[in-house]
Amino acid sequence: MTTLIEPTAWRNLLSRAADGAGQRAFLEDLLELWCQARGAAGAALYVLEDAAPSCEAIWGEGPFPHRPGEAAQRAAGLERLELPGGALLWRAGGGAGEAFGSAEAGPLDALLVLALVNCRLRRRVKRQSFQASYRGVELEALYDVGLAIASTLDLDAVAEEILLRAVSLLDARRGALFLLAGDEYRLKSRFGGDARECFPAAAEGAPEDVLPGAAHLLVAPIAIEEDRRGLLAVADKESRTGVGPFSPEDRRTLALFANQAAIALENARLHREALEKERYERDLQLAAEIQRQILPKGVPQVPGFELAGWNRPAREVGGDYYDLIPLAPEEDSGRTTERLGVALADVSGKGVPAALMVATLHSAVRLLMGRIGVESRLVERLNGHILASSAPNKFITLLLGELDAATGRFVYVNAGHNPGLVIRDGALAARLGP
């Protein structure tokens with residue numbers, strides 16, 4: 001028996017095909033005509049794509065399974081027709097339809113194939129549209145996150161914000177941030193569970209137990225122009241069904257976020273260095289002021305002598321030191337004499353450590369010279385004091401002298417310093433060596 005399809009049905013079917021909004025109605029009309037031509041009681045069209053076949057349209061007597069598995073097909077007593085990119089399950093009816101490939105049924109088979117191609121294209125467009133929308137949302141979220149982590153310059157606060165944002169952005173249950181210190185990564189911040197305190201930086205990525213007990217791990221390096229600064233690790237992506245692995249899109253998102261985190265961490269590091277430099281410069285200014293207070297502000301007036309002294313450190317502060325110390329008048333055979341102590345020293349090294357030793361030497365010389373006088377015992381006392389209050393690798397060279405203004409006699413002790421020079425009438429008269 002031959003079942004002919006009315007021209008009106010063909011026109012309606014073609015009209016449905018031209019109407020993009022009526023895709024399901026078109027598929028149902030196509031299945032109805034196909035069943036009429038085949039003598040089937042009902043049919044269902046499936047798209048087989050991405051290992052997840054799904055039903056696109058059903059017409060007639062059912063039921064039909066949601067997915068066209070062989071077991072479900074046999075249980076429902078259905079026949080199967082394989083199509084490119086899909087399948088058709090159908091239930092035999094009481095009537096007799098045309099044979100496959102006949103004049104009426106052949107075009108319907110071709111329309112089924114074209115309908116499957118159209119369904120697959122629609123799915124692909126829909127998926128790509130979703131990915132584009134998701135990408136836009138992702139970029140917007142990354143932009144907002146970048147603004148948030150860049151809004152503070154405190155390194156500890158930035159590290160904490162980076163980790164919390166990464167965990168939230170990827171729906172992760174756990175996470176940890178590691179910063180490079182020398183040749184190893186050290187834990188800076190963690191969230192949701194334990195994390196390793198450190199591990200070698202030479203290793204590729206991170207060890208499997210970087211977040212102990214994690215089932216699914218995702219790691220992204222933090223770098224500035226390929227210069228590694230740290231690692232960002234998240235684990236166990238949460239969903240409605242529990243925790244699971246991260247997708248390739250998640251990997252890309254974390255990599256992009258790690259780039260923003262690197263910039264934020266670098267800004268915070270530079271800010272901290274700037275603050276430390278500013279603090280250090282203030283300390284140097286204070287130390288320079290203290291050292292200026294140590295050096296003589298003027299020269300004593302000694303009858304018959306002209307005195308001068310000058311000092312300019314190589315840096316803000318230094319280890320060069322001189323002093324002119326008025327000593328108390330001394331009774332000598334009933335005669336009062338003016339005594340002046342002279343100190344000239346050079347501390348090893350430069351900068352603040354040398355300046356601290358200068359301050360130590362200054363106080364000791366001022367305290368002891370007037371009591372002991374310029375002799376070997378004074379140097380012994382000074383040497384013991386400096387040894388007890390300085391590092392073993394530091395030393396001071398020192399020239400101490402005492403001028404008797406009345407007689408012009410100059411007594412001195414040289415403790416490793418360059419020789420003093422006595423000039424008379426423009427010529428070298430004596431060397432005050434060790």
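**Chatting through salt bridges, a hairpin and a pocket**

Tutor: Let's start with charges: searching the whole structure, which is a predicted model, turns up 16 salt bridges.

Student: Why would side chains pair up like that?

Tutor: Side chains with opposite charges can pair when their charged atoms come close.

Student: Okay, which residue does Arg-269 meet in a salt bridge?

Tutor: Arg-269 meets Glu-266, at 2.6 Å from N to O. Both residues sit in helix 6 (residues 248–294), three residues apart, which is about one turn of the helix.

Student: Is Glu-266 buried or exposed?

Tutor: Glu-266 is buried, because its relative accessible area is 14% and the cut-off for buried is under 20%. Arg-269 is partly exposed, at 29% relative accessibility.

Student: And which residues are linked with them in a network?

Tutor: The salt-bridge network links Asp-227, Arg-229, Glu-266, Arg-269 and Glu-273.

Student: Switching to strands: how do strand 3 and strand 4 run?

Tutor: Strand 3 (residues 79–83) and strand 4 (residues 86–92) run antiparallel, joined by five bridges. They form a hairpin with two residues between them, and Gly-85 in the turn has a positive phi of about 80°.

Student: Which residue in strand 4 is the bridge partner of Arg-80?

Tutor: That's Leu-89. Arg-80 also forms a salt bridge with Glu-82, with the closest N and O atoms 2.4 Å apart. Arg-80 is partly exposed, with a relative accessible area of 29%.

Student: New topic! What volume does the largest pocket have?

Tutor: About 850 Å³. It is lined by 31 residues, and the closest to its centre are Leu-307, Val-342, Phe-410, Leu-421 and Leu-432.

Student: Which strand gives the most to that lining?

Tutor: Strand 12 does, with six residues. Among the strands that each supply at least two lining residues are strand 11 (320–332), strand 13 (396–404) and strand 16 (427–432).

Student: Last one: which residues form the nonpolar patch on the surface?

Tutor: Leu-421, Ile-423 and Leu-428 form that patch, with about 310 Å² of accessible area together. Ile-423 lies in strand 15 (residues 420–424), and counts as exposed because its relative accessibility is 52%, where exposed means over 50%.

Technical notes:
Residues are numbered from 1 along each chain as its sequence is written. This is a predicted model: local features need pLDDT of at least 70, side-chain atom pairs count only at pLDDT 80 or more; totals for chains, interfaces and linings use all residues. Side-chain values use heavy atoms; hydrogens and water are left out. Two strands pair if DSSP finds at least two bridges between them. Helices (H or I, at least four residues) and strands (E, at least two) are DSSP runs, numbered from the N terminus. Patches are made of residues with over 30% relative accessible area and no salt bridge: like charges are joined within 9 Å, nonpolar side chains (Val, Leu, Ile, Met, Phe, Trp, Tyr) within 5 Å. Accessible areas come from the Shrake-Rupley method with a 1.4 Å probe; for residues, only the protein chains shown count as cover. A salt bridge is a side-chain nitrogen of Lys or Arg within 4 Å of a carboxyl oxygen of Asp or Glu. Buried means under 20% relative accessible area, exposed over 50%, partly exposed in between (1.4 Å probe, protein chains only). On a 1 Å grid over the protein atoms alone, a cavity is a set of points where a 1.4 Å probe fits but cannot get out, and a pocket is an open set with protein on both sides within 12 Å along at least five of seven lines; lining residues have an atom within 4 Å of a point. Grid points are joined across faces, edges and corners, and a volume is the space filled by probe spheres set on the points.
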